[in-house]
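Please walk through the charged pairs of this protein. Where do they sit, and what do they link?

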Amino acid sequence: VPAPAREDIGAAAGRPSGARPRVRGGGGAAGPNDRGVDEAREGAPGMAAAAGSAAPASAAGEGLTVEVPPPVEPAVGPAAAVGPEVEARASSVVARLREKGINFLALDFDMTMIDVHTRGRWLGTPEVLAAHMRPEFRALVPMAIAAGVHVAVVTFSPQVSMIVQVLRECFPEVHSRIPIRGEDGGWEYQGMGSQEGKQAHMASAAEELGQGNADTITRGSTVLVDDDANNIRVAMANNVKAVWFDARDPEAVLDNLLQV
């Protein structure tokens, strides 16, 4: 339960006084992205393409039989190197965030931090998945944490233990300081805020990050980065700053963060 002095990131205008929704990771209302399935990404064309082609469907009696192919681990080479230009731009982003009073970055995982969508069913090793971490986030995450900007992963994937190992592989010095909120049933949010989108995920992570820290995380000091346009709309409707991640132009994320 958040301290009375701290603003609830998930708080939404118009909620009846005393209403206390309970959201548990993995137990919320079903949405198009829950359990790693994102066939209905509105406003973000092409986002699901990296995960493979759509499953074939055929009529069967009075119902519909959908044959879902098993997930295929994409071929991957060495992780993309973080060049000096990316490092310089990431450093500028961190300085800008601090200047604007931003102290919390909430980052989506599939098709945002990494360049594939696991659909919550990654069968490969964490080392192989770690090679898909985008260089923009390889640079940004440790720089942000070193500068006092908190970072959390907010995802609809239930494979939180896999994500933990990926973060350990990519960010060995700071991975333990990055809370993860996924659909694994491992967390519970009992605040009075919105249950839509990534709001409860962010609020729960902020509660954990706020424990023992002098700085206060609020909606105004938070930025969500996500490739799902619906999560972006929900965040902005709840007065949380948000940057839509365009997987067709991943390098633009740093420029867009400079505009926050």
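The paragraphs below take the salt bridges in turn.

This is a predicted model, in which local features need pLDDT of at least 70, side-chain atom pairs count only at pLDDT 80 or more, and totals for chains, interfaces and linings use all residues. Residues are numbered from 1 along each chain as its sequence is written, and side-chain values use heavy atoms, with hydrogens and water left out.

Side chains of opposite charge can pair when their charged atoms come close. A salt bridge here is a side-chain nitrogen of Lys or Arg within 4 Å of a carboxyl oxygen of Asp or Glu. The structure holds six of them.

Start with D108 and K198. Their closest N and O atoms are 3.1 Å apart. D108 lies in the loop between β4 (104–107) and α2 (109–113), and K198 in the loop between β7 (188–189) and α6 (199–210), so the pair ties together parts 90 residues apart in sequence. Helices (H or I, at least four residues) and strands (E, at least two) are DSSP runs, numbered from the N terminus.

Are these two partners buried or exposed? D108 is buried at 5% relative accessible area. K198 is buried too, at 1%. Buried means under 20%, exposed over 50%, and partly exposed in between (1.4 Å probe, protein chains only).

Next, R181 bridges to E208, with closest N and O atoms 2.7 Å apart. R181 is in strand β6 (residues 180–181) and E208 in helix α6, 27 residues apart, so this pair links distant parts of the chain. R181 is buried, at 9%. E208 is partly exposed, at 39%.

D246 pairs with R248 at 2.9 Å. D246 is buried, at 19%, whereas R248 is exposed, at 52%. Elsewhere, salt bridges that share partners join D108, K198 and D226 into one network.
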